Each structure stands twice: as structure tokens, then as C-alpha cells.
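Please read them with the structure open beside you.

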Amino acid sequence: METPWIIRRVAPSDADQVAAHGCFREDDVERRPAYSAWVKPRIGSGSYLGWFAVDDGVVAGGAGVILLDWGPTRGNPGGQMARVTNVFTADTHRRRGVAKALVVTALEHLRGLGINEVRLGATEDARELYRSLGFTEYAAEMRTRLQMPEG
């Protein structure tokens, strides 16, 4: 099936659009400038890899991966890991395969780099998509947010 969009890599000049995908919720809008400033040099250095689906000159969706130098583990002796992030589809293109095509593109690229450990955080709505691409629930992690000293 032919798609109406093309997929292209993001460039440092796309940092604002990547930030808009990463901070899409209304309560995240204030974070966009800081995220854009953070991601721009990482796109340039290759530690953030991203792709856009572009339909008639308009970004219909995006997806990215952050490469992490995690260190060798039992399941990942190479030590490099990727985290899928900023998967976003514009309302006008939902349920048309945009997100799936973008994530598949990212996974194929990672496979070509020899990266076999890929993780992500998923909304309940997206879990079935990720399962269809081979992701499984991984409940071994926990997290905390450390309180920073005032001053």
C-alpha cells in the first residue's frame, strides 16, 4: 500500500518541531524552548536520531530515539541502548500507520547500527502498536525523583 507521506531524517533545524512533539500536552508548552535547546545539539552529534513523516510539505508525525551508552549487561553485551521517544502523530493522520512506519524506520536503523536493546514508555493507547512491533512489558524498573537542595 502506498502512503501519502514520505519519511525523512530530522536535522538540527527541526529541533523546535521535535520539541513540539515531545511537549505536545498543553501543560508542557512552557518546556518546549528548553527541550528544543537540549535536543538540537544532540541531533547534530547523532545521539538523538529522529524521523518525520511529511505529507505534502506538512509534518504528519515524528519519532526519535536517544542513544544511551549504558554499559554491557547480560542481555546487551555491546552496551549501547536506545530509548524510543517523541512518537507523535497529528490528529489529521491518526490511525493511518504513520506512527508504526516511523517506529519501524527507527528500529531498522538501530538494527543497522548493531543496537539490540530498545526501550520506551508507552501510553495505554499505544501499547498494542508497540506489542505488534515486538515490544513486551518490562516491569523490572523503578524510579525516584530526588529532591534538589534549595538555594
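1. Basis of the note. This is a predicted model, in which local features need pLDDT of at least 70 and side-chain atom pairs count only at pLDDT 80 or more, while totals for chains, interfaces and linings use all residues. Residues are numbered from 1 along each chain as its sequence is written, and side-chain values use heavy atoms, with hydrogens and water left out.

2. Helix packing. Helix α1 (residues 15-22) and helix α2 (residues 32-45) have axes that come within 8 Å and cross at roughly 125 degrees; helices (H or I, at least four residues) and strands (E, at least two) are DSSP runs, numbered from the N terminus. The axes are lines fitted to C-alpha atoms, for helices over the stretch in contact, and angles run from 0 to 180 degrees between N-to-C directions. The two helices, α1 and α2, are therefore oblique to each other, given that angles under 35 degrees count as roughly parallel, over 145 as roughly antiparallel, 65 to 115 as roughly perpendicular and the rest as oblique.

3. Residues of the helix contact. On the α1 side the contact (heavy atoms within 4.5 Å) is made by Ala15, Asp16, Val18, Ala19 and Ala20, and on the α2 side by Arg32, Tyr35, Ser36, Val39, Lys40 and Ile43. These residues of the α1 contact with α2 divide into seven nonpolar, one polar and three charged, where Ala, Val, Leu, Ile, Met, Phe, Trp, Tyr, Cys and Pro count as nonpolar, Asp, Glu, Lys and Arg as charged, and the others, Gly among them, as polar.

4. A search of the whole structure finds one cavity of 30 Å³ or more; on a 1 Å grid over the protein atoms alone, a cavity is a set of points where a 1.4 Å probe fits but cannot get out, a pocket is an open set with protein on both sides within 12 Å along at least five of seven lines, and lining residues have an atom within 4 Å of a point. The lining of the largest cavity includes Val18, His21, Trp51 and Asn86, and its largest share, four residues, comes from β2. By class, that lining has six nonpolar, five polar and no charged residues.

5. Largest pocket. The volume of the largest pocket is about 1,400 Å³, a volume being the space filled by probe spheres set on the grid points, which are joined across faces, edges and corners. Of its 38 lining residues, Val87, Gly121, Thr123, Ala126 and Tyr130 lie nearest its centre. Strand β4 supplies the largest share of this lining, eight residues, and the lining divides into 16 nonpolar, ten polar and twelve charged residues.

6. Second largest pocket. About 690 Å³ of space lies in the second largest pocket, and of the 24 residues that line it, Val118, Arg119, Leu120, Phe135 and Thr136 are the closest to its centre. The largest share of this second lining, four residues, comes from β5.
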